[in-house]
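Dear colleague,

Please find below the structure that I am handing over to you. I would be grateful if you would read the notes after it with the coordinates open.

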Amino acid sequence: MFPYIPTTEQEKSEMLKKINAENISELFKDIPKDLIIEKYNLEESKSELEIQDILKKISAKNKSVNDYICFLGSGAYDHYIPSVCGHVASKSEFYTAYTPYQPEISQGTLQAIFEYQSMLCALTEMDVSNISMYDVSTAMAEACSMAVDATKRNKIIISASVNPQSRNVVKTYGHFKNFEIVEIEENDGISDIEKIKSELDSSVAAVVIQTPNFFGIIEDLSGLEKVIHDNKSLLILSVDPISLGILKTPKEWGADIVVGDCQCFGNKLNFGGPHLGFLNTTKKLVRKMPGRVVGETKDVDGKTGYCLTLQTREQHIRREKATSNICSDQTLMAINSAVYLSTLGKQGIKEVAVQIYSKANYALKKLSESGKYKPLFNQPVFKEFALISDFSPEFISNKLFENGIFGAYDISKEYPKYKNAVQFAVTEKRTKSEIDYLSEILEVIS
């Protein structure tokens, strides 16, 4: 029946006899007959060359950032990736490795993770960083769960200026882990600090803020940290790690837990994933954090060695003591990020951040100077900004696509009150000529 299964007819008969079945079809008798396909209507077999040609034609229907200019963002960004990232991460010892359970044969992988975690700590100025968050959304949800566990409280306050995808994942966690989510409506694109303060009480475990937020706005959190900590609650910050090259660090804002996504550090868009979430925190909370932490030590001969210092997931310890059940390992993406960060260095990260800030603000000014497209908010931005016009986002997006541009994310999908509002993202890859071209096309279609 299936010639690719290497089982002889005699072996099949012996197995069927052993389970008292007359034939293989009897094994599927509980499945309704109308759901069973007796025969697939497939084309005649083809050669490898013919298959390659067919797949190439199908693939050519997709348009990627290699074909079009990308001004889309809202969580996934078209950043420059140095070629060395792929060369190092594609080494077989990294590319095929999984969880480094045995340190004696995993020193290279462990050291790479240690370097990655160390650089994330330096960037955020937090005490410790972990490995194995899927993306920023799961990292944020794990941070909320961690705060609930650490404070023994069950309420999370989250600003509506936080990425909607992250908020949805937090709500899902909250539903099944029985902690309450209080969402505070944003005001002019930023967190409503006064409303957040008014919601603080003895049941609040943490307050979650994103900066730069979903709209690309740099939030001012002055005065919020003291009020939160006076309430014995925790401050969870979601950040764009590249922005930390020029903006205040989470430690300077007084954050207790920091989350973000390292897709921007050497990881491709790949039609949506995989991403790499990080979670950084203080020494005080280290034993409440999920995932794994790699530590540096000395062996009996005094040589430097690396091992998994903290392993708080259910595969490693008794299930009731586990802080998380996130299991899939994101080490390959972390190695990409480590190579990216070590290649650019401190000055390089700062230069990328400066370029992004400058280009995004140039684009905002250029696109709104005619008055046909107006800034949705009057706030400082980094990387992303929102515009409003008399045209529907779908119309603008389709017209841009016809002219070789990805752009115009429809904000009303997540924020219905902002009708005809579109969002653009500008990374360091975008040139002045590309931004000017975007402006020209927008003027033509208006």
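The paragraphs that follow set out what was found. Please bear in mind that this is a predicted model.

I begin with Asp 261, which belongs to strand β7, residues 257-261. This residue is buried but forms no salt bridge. Lys 383 is the nearest side chain of opposite charge, and it is 9.7 Å away. The side chain of Asp 261 does have backbone nitrogens beside a polar atom: that of Gln 263 at 3.0 Å, and that of Leu 276 at 3.5 Å. If residues up to four places away in sequence are set aside, Asp 261 touches Asp 135, Val 136, Val 239, Pro 241, His 275, Leu 276, Gly 277 and Phe 278.

The largest nonpolar core has 52 residues, and within it Tyr 116, Ile 242 and Phe 265 touch the most other members. Elements that each supply at least two residues of this core include the helices α5 (107-124), α8 (193-199) and α9 (224-230), as well as the strands β4 (180-184), β5 (204-210) and β6 (234-239). Helix α11 (331-368) also contributes, and its 11 residues are the largest share of the core. As for Phe 265, its contacts beyond four places in sequence are Leu 123, Pro 241, Ile 242, Asn 336, Ser 337, Tyr 340, Leu 341 and Ile 349. Another core, of 32 residues, lies apart from the largest one; Leu 400, Tyr 415, Ile 435 and Leu 442 are among its members.

Two pieces of strand pairing complete the account. Strands β9 (residues 292-298) and β10 (residues 304-311) run antiparallel and are joined by seven bridges. Within this pairing, Tyr 306 of β10 stands opposite Glu 296. The two strands form a hairpin with five residues between them, where Gly 302 adopts a positive phi near 80°.

Elsewhere, an open sheet is formed by four strands in the order β11-β12-β15-β14, with antiparallel pairing. Its edge strands, β11 (374-375) and β14 (409-410), each pair on one side only. Two bridges link β11 to β12 (residues 384-388), again in the antiparallel sense; Lys 374 has Ile 388 in β12 as its bridge partner.

With kind regards

Technical notes. Residues numbered from 1 in each chain as written. Predicted model: local features only at pLDDT ≥ 70, side-chain atom pairs only at ≥ 80, totals over all residues. Heavy atoms only, no water. Buried < 20%, exposed > 50% of the residue type's maximum accessible area, 1.4 Å probe, protein only. Lys, Arg positive; Asp, Glu negative; His and termini not counted. Salt bridge = Lys/Arg side-chain N within 4 Å of Asp/Glu carboxyl O. Polar contact = N/O pair within 3.5 Å; in protein donor to acceptor, adjacent residues only side chain to side chain. Contact = heavy atoms within 4.5 Å. Pairing = 2+ DSSP bridges. Core = buried A, V, L, I, M, F, W, Y, C linked by side-chain atoms within 4.5 Å.
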